[in-house]
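Here's a quick briefing to read alongside the model. Have the viewer open and follow along by topic.

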Amino acid sequence: MLAIAQFYLSAIVLMMPLLSCVGIGVFWGKRDLPFGGSFITTLVTSVTTPALVFHTFVTTHLDDRALADVAAATLLALLLCALACALLLKLGRLPVRTLLPTAFLPNAGNLGLPISQLAFGDAGLSVAVAFFAVNSFVMHTIAVRLLPGVNTKGSWKSPILLASVVAVAMRMLHIPVPDWVIETARMLGAVTVPLMLLSLGHALALIPANGIKDGAKVAAMRLVTGLAAGLAIVWLLDLEPVLAGALTLQMAMPCAVVSYMYAKRYTPLGDTAAGAVLVSTVVFLLLAPLMLWFTRAGT
């Protein structure tokens, strides 16, 4: 009981920066203060997120073999989760293409990285970084193309895709990246999560009731199918304990904030996506101690 209480307190401490940023956005929305939502959305999707993805790929300390193992497991888990969520969305009479990215992609960045480090130390953080890199690549190239409002031809030429391709090519060819480029990418990428969270909080302050109702359904899909897909792939590939635990934990994360940003930018269901992020994040916070204990039990 004491161990669970300690885990719970640790999870709350980890979540406080995220909740604080969301809270500021909620306050801003409730006070009806000036807020450049379109500017922030465009900045995040066109500048800061490409920088974050580039920096993650070129600075991870995992060797190429370990990165390949994590990448393969991540892709399989995301594919399995996507198939399950597509079926559930269809059965629930919800728009599949519009809400699928929100349902199957986890928040592997601002939540996944610190919580994986809490559970598994530096080894867990390294796995989480690799998972985040692959998850980001899927989200910003393949998943965004599912949205009905996205121009298919243009999405392949997005700055995020270009940043991913350049970073992977430089890593594979062992091309050194100048320090000033890495530092610039780090600085730009560092503002991505706060901007997303502020924008999310602002949207949550104005969200209608129907957004919460449908969002809760999507949130349930994300949490349940994510955990199930992670466990299935871990069992199928017989991964070593730390990798298995970190991968399972990453797949059990709540809905990604950036999926809300894309839904808001390209579809009329931004409120539903925001509701899914809110509900899944709150539920994950309440269940975080149990999740940490469960994933650590096999290590």
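**Where α2 meets α5**

Thr49, Leu52, Val53, Thr56 and Phe57 of α2 meet Val129, Phe132, Ala133, Ser136 and His140 of α5, where a contact is any pairing of heavy atoms within 4.5 Å. Sorted by class, this contact of α2 with α5 has six nonpolar, four polar and no charged residues. For the classes, Ala, Val, Leu, Ile, Met, Phe, Trp, Tyr, Cys and Pro are nonpolar, Asp, Glu, Lys and Arg are charged, and the others, Gly among them, are polar. Bear in mind that this is a predicted model, with pLDDT of at least 70 needed for local features and 80 or more for side-chain atom pairs, while totals for chains, interfaces and linings use all residues. Residues are numbered from 1 along each chain as its sequence is written, and side-chain values use heavy atoms, leaving out hydrogens and water.

**The overall picture**

- The protein comes to 13 helices and zero strands, taken as DSSP runs (H or I over at least four residues for helices, E over at least two for strands) and numbered from the N terminus.
- Of the 299 residues, 50% count as buried; buried is under 20% relative accessible area, exposed is over 50%, and partly exposed is in between (1.4 Å probe, protein chains only).
- Among contacts with a separation of 6 or more, 84% link residues 24 or more positions apart.

- The average pLDDT is 84, and 90% of the residues score at least 70; pLDDT is the predictor's confidence in each residue, from 0 to 100.
- Confidence is lowest in helix α6 (residues 152–155), with a mean of 52, and highest in helix α4 (residues 96–104), at 94.

- The axes of α2 and α5 come within 9 Å and cross at roughly 140°. Axes here are lines fitted to C-alpha atoms, for helices over the stretch in contact, with angles from 0 to 180 degrees between N-to-C directions.
- The crossing of α2 and α5 is left-handed, meaning the near helix is turned anticlockwise from the far one by less than a right angle (clockwise would be right-handed).
- Helix α2 (residues 37–59) also crosses helix α8 (residues 179–190), at roughly 130° with the axes coming within 7 Å. This pair is therefore oblique, and its crossing is left-handed.
- The α2 side of that contact includes Val47, Thr48 and Ala51, and the α8 side includes Val181, Ile182 and Arg186. In total the contact of α2 with α8 has eight nonpolar, four polar and one charged residues.
- α5 and helix α11 (residues 241–251) pack at about 90°, with axes 9 Å apart, so they are roughly perpendicular.
- Residues in the α5–α11 contact include Leu113, Phe120 and Phe131 of α5 and Leu243, Leu247 and Met251 of α11.

**Buried spots**

- Thr49 is found in helix α2 and counts as buried at 4% relative accessibility.
- Leaving out residues up to four places away in sequence, Thr49 touches Val44, His140, Ile160 and Thr192.
- Seven of the nine residues of α4 are buried, so α4 is largely enclosed by the rest of the structure. The buried residues are Thr98, Leu99, Leu100, Pro101, Thr102, Ala103 and Phe104.

**Ser126 in α5**

- Ser126 lies in helix α5 (residues 112–142) and is partly exposed, with 23% relative accessible area.
- Leu113 is 13 residues away from Ser126 along the chain, and their C-alpha atoms are separated by 8.7 Å.

- Most residues other than glycine have a negative phi.
- Arg93 has a positive phi, near 60°. Arg93 lies in the loop between α3 (64–91) and α4 and is exposed, with a relative accessible area of 80%.
- His174 also has a positive phi, of about 55°, without being a glycine. His174 sits in the loop between α7 (159–172) and α8 and is exposed at 63% relative accessible area.

Conventions
Angles under 35 degrees count as roughly parallel, over 145 as roughly antiparallel, 65 to 115 as roughly perpendicular and the rest as oblique.
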